[in-house]
Structure formats: C-alpha cells, structure tokens
Amino acid sequence: MKIPSLIKFEHNSFLVLCRTVQAVAPEEGCALLLGSEAQPSSYSKETHWRVQLIWPCCNIWDSDKFTFFDSSNGSIDPQKPLTKETRFAIDPREQILAQQWARERNMTLLGSAHSHPHGKSIPSAVDLSSISSPGLMVIVDKSNQAQAWWMEKGQICKPLELVQSPQE
C-alpha cells in the first residue's frame, strides 16, 4: 500500500475512536484502525485510506516490563518513569488477532490510534522514540481534536489530512 495523503473515517468510526480512547482517561487509550485503501477516482488521483472499523485495545504499558526505550537523545527524562498516562502499548497478540479478523473481511490493519489526555494531538517525544516501523498513527487530544500522522523512524513526522464522514 502506498503512503496515504488523506485518512477518511467512514460511518461512525471517528466517534467510536474518540469515545474508545477517551474512556480510560487520565490514562492514554489506544485502538487499531481497520479499513482499506480507496481506489483512485477521476476527481482524485491521490491515495487515501478508509477507516471503516475501530478495534479497541487495552493499554498494556508496564514500565517494569517494557525497557526498549532509547532516552539517550535527551528528549525523554530518564528520571521520570513512563506510565499509562504518558505512554501506551498494544499487545502484539491483539494486533495479530485484529489482522486476521480484518483479512477475513477484506480489510487491512491500517495503523494505530491513541489519546493524549494531557497534551495536544501531535507526536510526543515518547511517540517519536518508540517508532519501530513506518506507519499511520492517529492521535486524539482531550477535546477530541485528532490529527493523523505518517510516522517513520528517524524522520520528521508527516501530518496527513483527516476527514470524517457525516454522522448517519
């Protein structure tokens, strides 16, 4: 799949996303985004992805178990432990289950989403330091303002256009 220029939330998926990730505030909530790549049309040749379903996930972050962070760049305070209020982790088994479920329904795991209950909908230093592979990340702030980002390790994140379908 090509890197999208636009992320379109269909049906009530944006509302479901916001409610899902905000439900655990003040902790960060998280979810997976399932959908498909939209076919180019005569009016738009740009690639866009359609989010059709939100797969809610539990934030399994545990600072005693996850030690893969590189805080040597100085942007993360090594003296301040990361908690579920500033960090999220999705169980890899949940990701595999979501991928299998989506594949059976002709969908794809497009990316992940999480909330910033204490910050803005831009990637934090923690988000940037945890990128392991290129992908889509949607971040929702406490006011349900969301931004989609294309994340790549070692690169500046690229904001993507995010569109919500009208409520049905």
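Tutor: We go through the fold, the strands, the aromatic rings, the pocket and the backbone in turn.

Student: What kind of model is this, and how are residues numbered?

Tutor: This is a predicted model, where local features need pLDDT of at least 70 and side-chain atom pairs count only at pLDDT 80 or more, while totals for chains, interfaces and linings use all residues. Residues are numbered from 1 along each chain as its sequence is written, and side-chain values use heavy atoms, with hydrogens and water left out.

Student: How many helices and strands does the chain have?

Tutor: The chain has 3 helices and 7 strands. Helices (H or I, at least four residues) and strands (E, at least two) are DSSP runs, numbered from the N terminus. The pattern along the sequence is β-α-β-β-α-β-α-β-β-β.

Student: What share of the chain is buried?

Tutor: Of the 168 residues in the chain, 43% are buried. Buried means under 20% relative accessible area, exposed means over 50%, and partly exposed is in between (1.4 Å probe, protein chains only).

Student: How many residues of α1 are buried?

Tutor: 7 of its 10 residues are buried, so α1 is largely enclosed by the rest of the structure. The buried ones are S13, F14, L17, C18, T20, V21 and Q22.

Student: Switching to strands. Which way do β1 and β3 run?

Tutor: Strands β1 (residues 6–9) and β3 (residues 48–57) run parallel, joined by 4 bridges. Two strands pair if DSSP finds at least two bridges between them. K8 stands opposite R50 in β3.

Student: And how do β2 and β3 run?

Tutor: Strand β2 (residues 30–37) runs antiparallel to β3, with 8 bridges. S36 stands opposite R50 in β3.

Student: Are F9 and F14 buried or exposed?

Tutor: F9 is buried, at 1% relative accessibility. F14 is buried too, at 9%.

Student: What about W49 and W150?

Tutor: W49 and W150 form an edge-to-face pair, 5.8 Å centre to centre with 75° between the planes. This pair links distant parts of the chain: W49 is in strand β3 and W150 in strand β6, 101 residues apart. W49 is buried at 4% relative accessible area, and W150 is buried at 11%.

Student: On to the pocket. What is the volume of the largest pocket?

Tutor: The largest pocket has a volume of about 810 Å³. The search runs on a 1 Å grid over the protein atoms alone: a pocket is an open set of points with protein on both sides within 12 Å along at least five of seven lines, whereas a cavity is a set where a 1.4 Å probe fits but cannot get out. Grid points are joined across faces, edges and corners, and a volume is the space filled by probe spheres set on the points.

Student: Which residues lie nearest the centre of the largest pocket?

Tutor: Q95, S112, S132, S133 and M137 lie nearest the centre, out of 31 lining residues. Lining residues have an atom within 4 Å of a point.

Student: Which elements supply the lining?

Tutor: α2, β4 (108–116), β5 (135–141) and β6 (146–151) each supply at least two residues. β4 gives the most, with 5 residues.

Student: How does the lining divide by residue type?

Tutor: The lining has 18 nonpolar, 10 polar and 3 charged residues. Ala, Val, Leu, Ile, Met, Phe, Trp, Tyr, Cys and Pro count as nonpolar, Asp, Glu, Lys and Arg as charged, and the others, Gly among them, as polar.

Student: How far does α2 reach?

Tutor: Helix α2 (residues 92–104) has 13 residues and reaches 19 Å from its first C-alpha to its last, close to the 18 Å expected. The expected span is 1.5 Å times one less than the number of residues.

Student: Where is the cis peptide bond?

Tutor: The cis bond joins A25 and P26, with omega about 15°. P26 is in the loop between α1 (13–22) and β2.

Notes. Rings of Phe, Tyr and Trp (its six-membered ring) pair if their centres lie within 6.5 Å; planes under 30 degrees apart count as stacked, over 60 as edge-to-face and the rest as tilted.
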